[in-house]
Amino acid sequence: MENDKNSQKIVDYIGNFARKHSLFVLAYGTGCGAIEIPATMTSRYDAERFGIRGAATPRQADVLLITGYLSTKTLKRVIRVYEQMQEPKYVIGFGSCTVNGGMYYDSYNTINGLDQYIPVDVYINGCMPRPEAVISGFVKLQELIMAGKANNGEKYRENLEHYRSNQKKIIKNWKMPDYNW
Amino acid sequence: MNIFFLLITILFSGALLVFLINKVAPKIGGIIAFATIALVSFLFFTQVDTGDTYQFTLGEIPMQFGVTPYTYIFAIIVLGLGTLASLYSIGYMQGKKRLGYYYANFILTVTGMIGIIFSQDFISFFIFWEIMTWSSYLLVIYTGHKSQNIGMKYMIFSAIGAYAMLTAIVSIKANYGTYNIADAIQNGAFNFSEHMYIPIMLLIGFTVKAALMPLHVWAPNAYSKSPMAFTSIFSGAMSKMGILGIGLVLASAYSYTDHENVNYVVALRYTLGWLGGITAVMATIYALIQTDAKKLLAYSSIAQLGYIIVGLSTGSELGVMAALFLAIVHGIFKGALFMVVGAVEKQVGTTDMTKISGLIRKMPFTFFVALVSIIALAGIPPLGGFVGKWMLYEALITESNNYFLVIVIFFSSTAAFLYSYRFLFGLFLGQEEKDTEHVKEAPITMIIPMMILAILLMVTGAFPGILFEPIAHGMHYLGFSDVNWDMSILVNVWGEESNMTYINLSIGIVFVAIFAFLTIKGYKGTKNVGTKDISTGGEIPTENENLTYQMDFFKPFERAAAPLYKRSMNKIWNDLGNALEALTDFIRKIYSGNGQTYALFVVIFLVILLLFKDTLFAN
Amino acid sequence: MVREKETTLYIGPQHPGITGNMMVKLKVQGDTVVSAATHVGYLHRAFEKLIERRNWIQAFTLLCRFCVPEPDPMELTYARAVEELDNREVPERAKYIRVIVMELARMQSFMLWYAGQSGSAGLYLTPQWSVGDRNYILDLFEDLTGGRIYHMYIWPGGVRRDLPEGWTDKTLRTMDYIEKRLDEYNKILFDNTIFQKRAQGVGIVPKDKAIEWGVVGPVLRGTGIKSDVRIDEPYEVYDKIDFDVPTQEGGDIWARALVRKEEVRQSIRIIRQAIADMPGGAYYNKVSNPMKWTVPAGQAWAKTESVRGEIGFHVTSDGGNKPYRVHVKGAAYTHGVTVLEKILPGQNIADVSFILNSLGVCPPEIER
Amino acid sequence: MEDLGLKIFGAILTTIMAFTVGMTYGGIVRKLTARVQNRYGPPVYQNFLDLLKLQSKKTNIAHGFMGHMAPVWIIIAAVTVLMFIPILNGNLWFPNLSFHGDLIFLLYMMVFGSLGMALGAGQTGNPNSAIGVTRGLSQMVGYEIPFVLALVALMIQFQTTSVQDLTQVQHETGVWNAFANPFAFLAALLASLGMFRYSPFDIVGAPAELASGPVSEFGGKYLGTMMSGGAVFAFIKLTLYVHLFFGGAGNPDDSGILATLAGIGILLVKTFLLYMIPVFYGWINPRYRTEQAIRYFWGWPTALGIVGVLWAVFFN
Amino acid sequence: MTDLVKENILLNAVTSAFKIEGKVIRDRRVEVHADKNTVSSILLFAKKQLGYIHMNHMTCIDWIEQGEFELVYTIYHPVDKLTLFVKTRIDREIPVMENIDTIWDHANTYEREMREMFGIEFPGLVGEHDFILEDWDQIPPMRKEFDTHKYAAETFYTRPGREDAKDVREELSKRSGTVVPDFAKKYSRE
């Protein structure tokens, strides 16, 4: 599918506009970065201005915030949750440890480099990123959505084998049910 | 030969034939039973007109058969449901034992009910009443020893009812010199001027069958323990025999009572109304804590009968009409629901809702029938159940001064949503588990009657006038003044209406539009997934973990309504129930505990009454 | 396999009601919990293993990440353990600064607890207020240390830098503001009868079992037992400061809430006193080259009162430039597993998240 | 046929209006809530964006036929009920079908949607959904009692069961039913707190307890459709209350464009003010447990309702 | 400093009852060294007789060179405010230790963690084997011989450019072209 701005139909434009301004963030604090999420959502920073609000279950969510390092145990849950989300879906990697392991680069239980396992739209670096950084990350995501470039859900589905092989390298006992897709 | 005799003879000989043929070819027993009842229905609806009568004498007692417009209403229920239930029995009883016993008693029960409808004198009425009781008792204990106790309880209560009825009949003869029902009414047997006990005794007799509190104790177990194919007419049609009697007595009381005695009637109305209301509430809140689908439906039946009695007790046109309409519709949907449970029992092997779940994909047609029936049961538009409920409420609000009864009924019917959902969820929704993987849809002979009933519910919702017509005739017969009815418009006395055509139209249009929209839109991206693919917080449940919420379904409600469960119910049920249980035990010590002795006992009692009627009931 | 009778309900790891990335697996019958099992490990970063690969000072970057809602007590406890091993004196001024930092940390953590507690009860107004107001305390931290959440400010031998100019005034102003706001919070949450109805008699930690189960901190004080490391084993300058340790009877959520409500007032009182009494002088007993610093062999056990209760560090040194073994015991270690599993059965599903918040279960503290 | 055309036009117009108003009210509430919480808040039209986004999701999951049907049922119930309530008293533009259904019908029709939702939620097999549904149904038994008491009080006081007639009575006498029978009004008002499901009665989808309850498994177009249904329902409840207790809106004698617009304006003002009551109450209250919520409704609201019925019987 | 009266009384009480070594570390801290078989009786004695009803902590230290695990039980007296350490050493090759979760319920958690992290077996310990880790098939990770860096490098994807033990200042100065000042150099790694 072409994703040039020129080839976007008016429907896509409207759809992207709505998607951009309505980002439901899955309530999943995977790591310590979750501590800045309340601050981002509440009065001083107020992410709801941008249409960002929480969603309780993956079915309703658009954005998966990986708030920091992922332990292998959490990775398994994250994959499951990510696969239960509905397209278009976005992933924001939050904090340096999602980029390259950060200070946990030598830990036996945390992954280094989130995008090997699930596609990441935006990385926000810092440890931990301030609410301003979080919001700027979201704004970046909004720009990508508007440009029609945030289609990682499809990418994941198309390159499922690649991601699966990477995931299976880490998760030793792959007991995932096969109804995931 | 007279048509009435012909019908009764066909039924009796059908019963005999089924019983005998069972030794030779057990498989065709069901077909014969179905054929018999179907033939009788056909003959009845084509050959019999209301007003036909036939008189004859049995010994010295003059007897009369006939069909009044009023009993015609009940004939519809009995024959319609009887035919479908016998068809359903073919599939349901397949592979079970003692088929001859079952079908013979099944036909006999229908015979009893038809006989009751035909009877225009008290003697034949009572005889058929006893045939009905007796054969149904034999079916309650069909499953064997476990149900003996339950059957006993049923019998004891039936006996109480029978004695009360018999006493009333004999004293009618003694005081008014007639066995003829119409004559007795004309002579003012029910007019509360003197012998007030006569209508009350009769009512006691009838309320036992109609399972009105406090005489309902037998019902939950008897309904749930008999074969489901039978329960569908047991609850759907046979309980209506009680309603038939109550309606007759009450209507006569309203019509023939003098002004000076009207207070008694009012008191009776209030008593019956509140008893009906309390029955409805209590049975409802007990229905919603049941885990067995059969028992849930059994309690629900009691509650629904409570509404009908409330309707009758209003004594107003709309109220009685609502009651009779509800009686028919209840017959339809409760018959269908018991058939649904029977299908589930047959296919899965249990009806314990904590053990089964997620049958919707396995048994889609059964689910459809259950859904339609439950919507009717809950009184949600646009099905037949709503029509009845609507008229009942309007009657209570517009034509009775009993405003708080409205609230009681409303409470009960709102709480009915709870058990309705429990029923649907317990059997059909929730997780699809491995242990029900082998389940298939019920056989076609079971599906057809259920489907017919479901369609009937929709038709009665769209065109309630179909049923209003016979009901209106019946009410004219009972002495109610001109009854307003329209094919598909419900009107109350204040002139407000609910137009079923518009309601159906609106629902239909929106349904088509939205369903099409949802189905077409994003068709490619829409996926149907299994019930294991749910968000469990990212965890993957292991196989032995139970993800269906089944135990103590309405715990919060139970907690909120704890006083209702504790105080009143414990007092009324336990004291009464235990006392009656004790009575059961006591009587069992005296008698051997089977139906024959009971029959003998009733006959002896009858003989004694007849012999000593002059001394006992002399003026 | 036979299907279980009770319904399994996963509270977490992805669940709005969980207090971090952990999972409480409930078996429920009706809406009553029959049994509960805590599952942790979703946040396991192997800190204790990693610290063995870092030298004594580098460990601080990891330490503060032990428990996100309240990183400072971790630093302080570790610093005190190392100081004990190294026999390092701490200047008086640093002790006062540490007390202020600790109490500020307690306050910001209280704000978070407050948000969680009222949020899990379904009141969404006060969480917004308190998390918003928490930013003012974080601003103070930012002025002082340069970081909002992770400070790495307390070092063995003192604190990393002196108070910035005007910081004390700003702190006092913030205290005044927050004190005023606390009254408003109380009106909304603690005076609310619905909250009282929800909280009273729910999640009871029995008094006779409390100490045996290893309950500490406000939870223990909520059962009526006066136990506070700041009083029992005064560290820094807590023995020179006048403050009360509130206790409540009952052991339920309400008692714990009242204890915390009073505690934050005491924190303000402590901060005001500490600022008033603060001596001048050095703030840091310097380690000459922290990167090459060795600590004498030995073992030390230090404990500190955090907002959730006692935090203990067991630090072992083999005389090298890296810690030989650091073992952390947070309050949630017992609260989140043993106590939770013991008090959840019999409770309502509606109260699970409520109890989790009230016990102050913080999963990274359990698995580290 | 001209009449039919007008009717269809009126029906479509009503639906669009109800949807727009419901969604906008939701947006305004979000904004106001944000302001109370010391925030700037999302734009007023945020709900429309959310809806648009949900409808433009590319993949959707249904857990079977009932899951697919649940939103349909909700919309059916919403639109059907909407058709049967008078939007403006006696106005020619929006008569819809308001003469062909009365209060009892409306009460039952409103349950239709809940039942569909419940069935859809049930089929997903998520225990949270089932628990949410049981809570919702239990709570419904709670608030329906005072609500029906209030309605019965009105019906017997004015000897009519039609919403249209009740409005007309208020228009003629000039006395709002809220003052004609204050007890019934209070009972209905307290019951409305449960009906709108704001705190402390938001036990159905209590996030911290049940994820999001019945809608846990619904996303994309299904959730979006449900949202639209919910918006229409909010408008319905408000309009119904306004017509029952606040004298309704619109002038039955004048169906000119100006009068109609004025009527709509009055309706909007009244409904908005009414909507603020549960919202205000919700801002400052935590959530009840289910049994506490039910007990609450069976306490004072029911007592008030009974007084209302007695008032209607004895003082009129 | 106080004269450590209470501490010495405690030390005497424990050492004389069990004939074991011990010492007063400082005020409020007393440690005793026990044989692994007597630990549970010491703990029970301390809990029942001396009133050390609160168990603060329980830890394990891997002394790989001696081939031993050292277990430290930290128990606390809420009235006397004394802390008693009961230390014992067990063989690294046969890591079996008595289960004490009958004495303190929450010891269960510590023991499950130790079982997982050090591979110490506690006979009679209930609870799932996977406590923190999931499907772990290597040697228990907290043992000293387990090299976490090597394991991580082998298992996880490493983003190019990431190298261990680099000097941040030098890297920064290389990138920005500035010179590292002298005062900063003395804090550099080597």
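Chain D averages a pLDDT of 83, and 95% of its residues score at least 70.

This is a predicted model, in which local features need pLDDT of at least 70, side-chain atom pairs count only at pLDDT 80 or more, and totals for chains, interfaces and linings use all residues. Residues are numbered from 1 along each chain as its sequence is written, and chains are lettered from A and ligands numbered from 1 in the order in which they are written.

Two residues are in contact if their C-beta atoms, placed from the backbone, lie within 7 Å. Chains B and E have no contact, and their closest C-alpha atoms lie 13 Å apart.

Between chains C and A, 28 residues of chain C are in contact with 30 residues of chain A. On the chain C side, α2 (59–63) and α5 (125–145) each supply at least two residues. The largest share, 5 residues, comes from α5(C).

Chain C also has an open antiparallel sheet of 3 strands in the order β6-β7-β8; strands pair if DSSP finds at least two bridges between them. β6 (298–306) and β8 (325–329) of chain C stand at the edges with a single partner strand each, so one side of each has no neighbour in the sheet. β6(C) and β7(C) (residues 309–317) pair over 9 bridges, and Gln299(C) stands opposite Thr316(C) in β7(C).

Most residues other than glycine have a negative phi, and most peptide bonds are trans.

| Cis peptide bond | Omega |
|---|---|
| Glu87(A) to Pro88(A) | near -5° |
| Pro381(B) to Pro382(B) | about 5° |

Pro88(A) is in the loop between α3 (72–84) and β4 (90–94) of chain A. Pro382(B) is in the loop between α14 (364–378) and α15 (384–399) of chain B.

Asn38(D), not a glycine, has a positive phi of about 65°. Asn38(D) is partly exposed, with 15 other C-beta atoms within 10 Å; a residue is buried at 20 or more such atoms, exposed at 12 or fewer, and partly exposed in between, with C-beta atoms placed from the backbone.

Note on methods. Helix = DSSP H or I, 4+ residues; strand = E, 2+ residues; numbered from the N terminus. pLDDT = per-residue confidence, 0-100.
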